[in-house]
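The following note reviews a structure for a reader new to the subject. Please keep the sequence and the 3D view at hand while reading the numbered points.

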Amino acid sequence: MKLSQMVDSRFKPTVEKLMKQPLPIKVAFRLKGSLKKMEEELNKYNELYKELINRHANKKEDGSVDLTPDGMVTIPNEQIVLVNKELSDLHSLEIEIDSFTVDELGKDLVLTVEELLVLEGFILA
């Protein structure tokens, strides 16, 4: 699964919905392990993301990040291409996570088509 899929804002709520579904115990066990691994990977991602932004953001004289009045970080124009490249490289990383078939998740599984698209690669047909 690509890291970009896990950082998609729709991914976490969809996985949380999946966790609330009644699942066979073996699947629930594997799912819990996968979710723990995802949390670890997301924590690493968040740390690296913050480092990347801090490294390239406009700075105040004291070296701290210079925020706009509405709390946004700005990046110098000449750094934007580099930041986007580094983010793209980070998002393209493959993360080894167990996948599940629809059959394994049980016949009572209720997800929308959009939710299945968000979980593509994590839930297989």
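What volume does the largest pocket have?

1. The model under review is predicted. Its largest pocket has a volume of about 280 Å³. The lining consists of 15 residues, and those closest to the centre of the pocket are Lys12, Glu16, Met38, Glu39 and Leu42.

2. Three helices each supply at least two residues of this lining: α1 (3-7), α2 (11-19) and α3 (25-56). The largest share comes from α3, which gives six residues. Sorted by class, the lining holds eight nonpolar, three polar and four charged residues.

3. The next point concerns how helices pack. Two packed helices are described by the angle between their axes and the distance between the axes. For α2 and α3, the angle is about 160° and the axes lie 12 Å apart. Angles over 145 degrees count as roughly antiparallel, and α2 is therefore roughly antiparallel to α3. The crossing in which α2 passes α3 is left-handed.

4. Which residues bring α2 and α3 together? From α2 come Phe11, Val15, Leu18 and Met19, and they meet Leu31, Leu35 and Met38 of α3. By class, this contact comprises seven nonpolar residues, with no polar and no charged ones.

5. On the α3 side, the contact is made by Tyr45, Leu48, Tyr49, Leu52, Arg55 and His56. On the α4 side, the residues are Gln79, Leu82, Val83, Glu86, Leu87, Leu90 and His91.

6. How do the residues of the contact of α3 with α4 divide by class? Eight are nonpolar, three are polar and two are charged.

Terms used:
Residues are numbered from 1 along each chain as its sequence is written. This is a predicted model: local features need pLDDT of at least 70, side-chain atom pairs count only at pLDDT 80 or more; totals for chains, interfaces and linings use all residues. Side-chain values use heavy atoms; hydrogens and water are left out. On a 1 Å grid over the protein atoms alone, a cavity is a set of points where a 1.4 Å probe fits but cannot get out, and a pocket is an open set with protein on both sides within 12 Å along at least five of seven lines; lining residues have an atom within 4 Å of a point. Grid points are joined across faces, edges and corners, and a volume is the space filled by probe spheres set on the points. Helices (H or I, at least four residues) and strands (E, at least two) are DSSP runs, numbered from the N terminus. Ala, Val, Leu, Ile, Met, Phe, Trp, Tyr, Cys and Pro count as nonpolar, Asp, Glu, Lys and Arg as charged, and the others, Gly among them, as polar. Axes are lines fitted to C-alpha atoms, for helices over the stretch in contact, and angles run from 0 to 180 degrees between N-to-C directions. Angles under 35 degrees count as roughly parallel, over 145 as roughly antiparallel, 65 to 115 as roughly perpendicular and the rest as oblique. A crossing is left-handed if the near helix is turned anticlockwise from the far one by less than a right angle, and right-handed if clockwise. Contact means heavy atoms within 4.5 Å.
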